[in-house]
Amino acid sequence: MSNFVFPPADIPSAAVRGTDARYAVARIFCVGRNYADHAREMGADPTREPPFYFTKPASALTPSGSTVPYPPATKNYHYEMELVIAIGAPVFKVTPEAARAAIWGYATGLDMTRRDLQAVAKAGGKPWDTAKGFDQSAVLGDIVRVSEVGLLEKGAITLAVNGAEKQRGDLADMIWSQAEIVSNLSHLYHLHPGDLIYTGTPAGVGAVVAGDVITGHIEGLGDIQLTVGQPE
């Protein structure tokens, strides 16, 4: 007999390409403004200052191919196409060289954002939680193991809305490399298998409305898709 007052929630997880296994997701970290063109697009200076992070709850995880309702409390719902790192080993205060070994896999990801709420939070010096950590805001494709694709340090990353291209960049354009991100984050947190890191988005972010179909692609990983449904 369970001692829980209410039944515990299911463990958030992601599919692993080519297997029946699931990758249990514990935490979702996101890197802010990690492509120079996007940093300029958002009114920031893309110098190599230490990276900064925000988080999304693991419950925000949504698989590629989903239809999600247009979220409440926003009139400016944005897409951000991102490479996602899946951690596969415990790391704490490691060098970039050691951090590479902790990258177990990759996935395509969409960091969906209530941009108007983010703008209000920024103006007031307040946290971004309501802008970034809302329901179904972390869209994820299948995780592809590094043992299959190697370390993806370059390759096209693109996004289209209703077939019209909106974002195009290259993984090599990241201000902070994957190894540097994992290393830096490991000086702030004990990282463990189950941690996902959304690594930032190229320029071209923009708004979508109900009925729009978002498709993204990362060279070596394949596609991701999200359909925006009607508001609840």
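Are Glu80 and Lys132 buried or exposed? Both Glu80 and Lys132 are buried. Here buried means under 20% relative accessible area, exposed means over 50%, and partly exposed lies in between (1.4 Å probe, protein chains only).

This is a predicted model, in which local features need pLDDT of at least 70, side-chain atom pairs count only at pLDDT 80 or more, and totals for chains, interfaces and linings use all residues. Residues are numbered from 1 along each chain as its sequence is written, and side-chain values use heavy atoms, with hydrogens and water left out.

## Salt bridges

A salt bridge is a side-chain nitrogen of Lys or Arg within 4 Å of a carboxyl oxygen of Asp or Glu. By this rule the model has eight salt bridges.

| Asp195 | Arg27 | 2.8 Å |

Elements are DSSP runs, numbered from the N terminus: helices are H or I with at least four residues, strands are E with at least two.

Take Asp195 and Arg27, which form a salt bridge. Asp195 lies in strand β15 (residues 195-198) and Arg27 in strand β3 (residues 27-31), so the pair ties together parts that are 168 residues apart in sequence. Asp195 is buried, at 1% relative accessible area. Arg27 is partly exposed, at 29%.

Lys132 has a relative accessibility of 2% and counts as buried. Asp111 is buried too, at 0% relative accessible area. Salt bridges with shared partners join Lys56, Glu80, Asp111, Arg115 and Lys132 into one network.

Two strands pair if DSSP finds at least two bridges between them.

β9 pairs with strand β8 (residues 81-87) in the antiparallel sense, over seven bridges. Leu110 in β9 is the bridge partner of Met81. β9 also pairs with strand β11 (residues 138-140), again antiparallel, over three bridges. Here Leu110 stands opposite Val139. A further antiparallel pairing joins β9 to strand β12 (residues 144-145) over two bridges. In that pairing, Gly105 has Arg145 as its bridge partner.

Strands of a sheet pair through backbone hydrogen bonds, either parallel or antiparallel.

Which order do the strands of the open sheet follow? The order is β10-β7-β16, three strands with antiparallel pairing. β10 (113-114) and β16 (206-208) stand at the edges, each with a single partner strand, so one side of each is left without a neighbour in the sheet.

Strand β7 covers residues 77-79 and pairs with β10 in the antiparallel sense over two bridges. Tyr77 stands opposite Arg114 in β10.
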